[in-house]
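Here are my notes on the model you sent over. Have it open while you read, as I go point by point.

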Amino acid sequence: MELFKTFTFEAAHWLPHVPAGHKCARVHGHTYVVEIYTRGKVDPHTGWIHDLADIKVAFEPLLNQLDHYQLNDIEGLENPTVENIARWIGDRLKPALPHLWKIKMWETRSSGCVYTLPEE
Ligand SMILES: [Zn+2]
């Protein structure tokens with residue numbers, strides 16, 4: 001069974017390693033949508049895997065670092081592609097959210113990526 005919770009944040013970025021003249025080399029902004037998935041066994045007594053609020057509590061400190069910032073200025077996000085942002089979030093979220101399974105990120109309404117965490 002999987003659980004998920006969805007968040008959004010606004011941020012500016014530019015991509016330093018794209019070919020000359022690429023539009024993503026210019027500073028621009030996105031409304032990012034982040035879907036955070038956990039997975040595990042449903043406890044027969046509680047009827048849940050874990051409290052859905054656990055996802056919000058775990059993600060909030062990261063959200064506060066991302067929302068309304070220029071992502072390139074954040075340590076580890078010097079090249080803030082959607083892939084690198086998803087991995088940055090996933091790797092930092094895992095210690096606080098042991099059931100974390102994958103991060104699905106939307107950079108626009110039609111494009112994004114899915115980062116599935118490595119098996120332990
Ligand atoms: Zn962009």
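**Notes on the fold, the zinc site and the core**

1. Of the contacts in the protein chain with a separation of 6 or more, 62% are between residues 24 or more positions apart; contact here means heavy atoms within 4.5 Å. Bear in mind that this is a predicted model, where local features need pLDDT of at least 70 and side-chain atom pairs count only at pLDDT 80 or more, while totals for chains, interfaces and linings use all residues. Numbering starts from 1 along each chain as its sequence is written, and side-chain values use heavy atoms, with hydrogens and water left out.

2. On the overall layout, the protein chain has 2 helices and 5 strands, running β-β-α-β-α-β-β from the N terminus. These are DSSP runs, with helices being H or I of at least four residues and strands E of at least two. The C-alpha atoms fill a box of roughly 60 × 25 × 25 Å along the principal axes.

3. Now the zinc ion: His 13, His 28 and His 30 coordinate it, each through NE2, at 2.0 Å. Donors are N, O and S atoms within 2.8 Å of the metal (3.2 Å for Na, K and Ca), and water is not among the atoms, so sites may look incomplete. The donor spacing reads H-x14-H-x1-H. His 13 in strand β1 (residues 2-13) and His 30 in strand β2 (residues 28-39) are 17 residues apart. His 13 and His 30 are both buried, meaning under 20% relative accessible area, where exposed is over 50% and partly exposed lies in between (1.4 Å probe, protein chains only).

4. The largest nonpolar core has 28 residues, and those touching the most other members include Phe 9, Phe 59 and Ile 89. Such a core is a set of buried Ala, Val, Leu, Ile, Met, Phe, Trp, Tyr and Cys residues joined through side-chain atoms within 4.5 Å. Beyond its neighbours within four places in sequence, Phe 59 contacts Phe 7, Val 34, Ile 36, Ile 89 and Leu 93.

5. Helices α1 (residues 53-66) and α2 (residues 82-93) pack at about 140 degrees, with axes 10 Å apart. Axes are lines fitted to C-alpha atoms over the stretch in contact, and angles run from 0 to 180 degrees between N-to-C directions. Ala 58, Phe 59, Leu 62, Gln 65 and Leu 66 of α1 meet Trp 88, Ile 89, Arg 92 and Leu 93 of α2.

6. His 68 sits in the loop between α1 and β3 (69-70), and is exposed, with a relative accessible area of 61%.
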